[in-house]
Amino acid sequence: MGTFECFLLLRGFRSFFVRAEIQSKNTVKIVTWLVGCKGVKTVYHPCLNCDVDIATWPFFFGFEMEREKDARDLVGNLKVFKLVRELEDELDGCVMSTIELRCGLDVPSGLLLCVRVGLESYKDLVKDLSVGLASLVE
């Protein structure tokens, strides 16, 4: 690792706890909202299965749509969430909200949407998801 990369790493650590708190709170709000949405089959996040109030939850979660086509279409309809296509995109997810479409043997139902919540307003993120879900054709 070069000196500039070390500088960036140390700079990032200074604000990590503030970022993590904001991202955690926003994630819980988004996950809670997403559970009741039409077309969403299952949402995966530990806050949904726990009665204990934890100060900082993970700021990533996964969810499945009822139809595979809807999962693929939703990713294309989002404007605020950045689609992860490669590792470089995933590294941007430290401050930007990202979404990734996963498929394969590790996903029982076929397609899993993996979301990392960034520093955007949770209202903007919920609105983006809401518009994206509403645009899915029956």
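The protein exposes about 8,700 Å², of which carbon and sulfur atoms supply 59%; accessible areas come from the Shrake-Rupley method with a 1.4 Å probe, and for residues only the protein chains shown count as cover. This is a predicted model, in which local features need pLDDT of at least 70 and side-chain atom pairs count only at pLDDT 80 or more, while totals for chains, interfaces and linings use all residues. Residues are numbered from 1 along each chain as its sequence is written, and side-chain values use heavy atoms, with hydrogens and water left out.

**Confidence**

- The mean pLDDT of the protein is 84, where pLDDT is the predictor's confidence in each residue, from 0 to 100.
- A value of 70 or more is reached by 84% of the residues.
- Confidence is highest in helix H4 (residues 122–134), at a mean of 95, and lowest in helix H3 (residues 87–91), at 53.

**Overall architecture**

- The protein has four helices and five strands; helices (H or I, at least four residues) and strands (E, at least two) are DSSP runs, numbered from the N terminus.
- Read from the N terminus, the order of these elements is α-β-β-α-β-α-β-β-α.
- Of the 138 residues, 36% count as buried (buried means under 20% relative accessible area, exposed over 50%, and partly exposed in between, with a 1.4 Å probe and protein chains only).
- Among contacts between residues at least 6 apart in sequence, 58% join residues at least 24 apart; a contact means heavy atoms within 4.5 Å.

**The sheet**

- The five strands form an open sheet with mixed pairing, in the order S1-S2-S5-S4-S3; two strands pair if DSSP finds at least two bridges between them.
- S1 and strand S3 (82–83) stand at the edges, and each has a single partner strand, so one side of each is left without a neighbour in the sheet.
- Strands of a sheet pair through backbone hydrogen bonds, either parallel or antiparallel.
- S1 and S2 run antiparallel and are joined by four bridges, with Val 43 opposite Phe 63 in S2.
- Strand S2 (residues 60–65) also pairs with strand S5 (residues 111–116) in the antiparallel sense, over four bridges, and here Gly 62 stands opposite Cys 114.
- S5 and strand S4 (residues 98–103) run antiparallel and share six bridges.
- Along this pairing, Cys 103 stands opposite Leu 111, and Leu 101 has Leu 113 as its bridge partner.
- S3 and S4 pair in the parallel sense over two bridges, with Ile 99 in S4 as the bridge partner of Leu 83.

**The nonpolar core**

- The largest nonpolar core has 26 residues, and Phe 61, Phe 63 and Met 65 touch the most other members; such a core is a set of buried Ala, Val, Leu, Ile, Met, Phe, Trp, Tyr and Cys residues joined through side-chain atoms within 4.5 Å.
- At least two residues of this core come from each of helix H1 (3–35), strand S1 (40–44), S2, helix H2 (68–77), S5 and H4.
- H4 supplies the largest share of this core, four residues.
- Beyond its neighbours within four places in sequence, Met 65 is in contact with residues including Val 40, Asp 70, Leu 74, Leu 113 and Leu 133.

**Selected residues**

- Val 43 lies in strand S1 and counts as buried because its relative accessibility is 13%.
- Not counting residues up to four places away in sequence, Val 43 touches Val 31, Leu 34, Val 35, Leu 48, Phe 61, Gly 62 and Phe 63.
- Val 43 and Met 65 are 22 residues apart in sequence, and their C-alpha atoms are 9.0 Å apart in space.
- Cys 47 is found in the loop between S1 and S2 and counts as buried, since its relative accessibility is 14%.
- Leaving aside neighbours within four places in sequence, Cys 47 is in contact with Val 28, Val 31 and Trp 57.
- Cys 47 and Trp 57 are ten residues apart in sequence and 7.2 Å apart in space, C-alpha to C-alpha.
- Asp 70 belongs to helix H2 and is buried, with a relative accessible area of 7%.
- The side chains of Asp 70 and Arg 67 are joined by a polar contact of 2.9 Å (a pair of N or O atoms within 3.5 Å; within protein, one must be able to donate a hydrogen and the other to accept it, and residues adjacent in sequence count only if both atoms are side-chain atoms).
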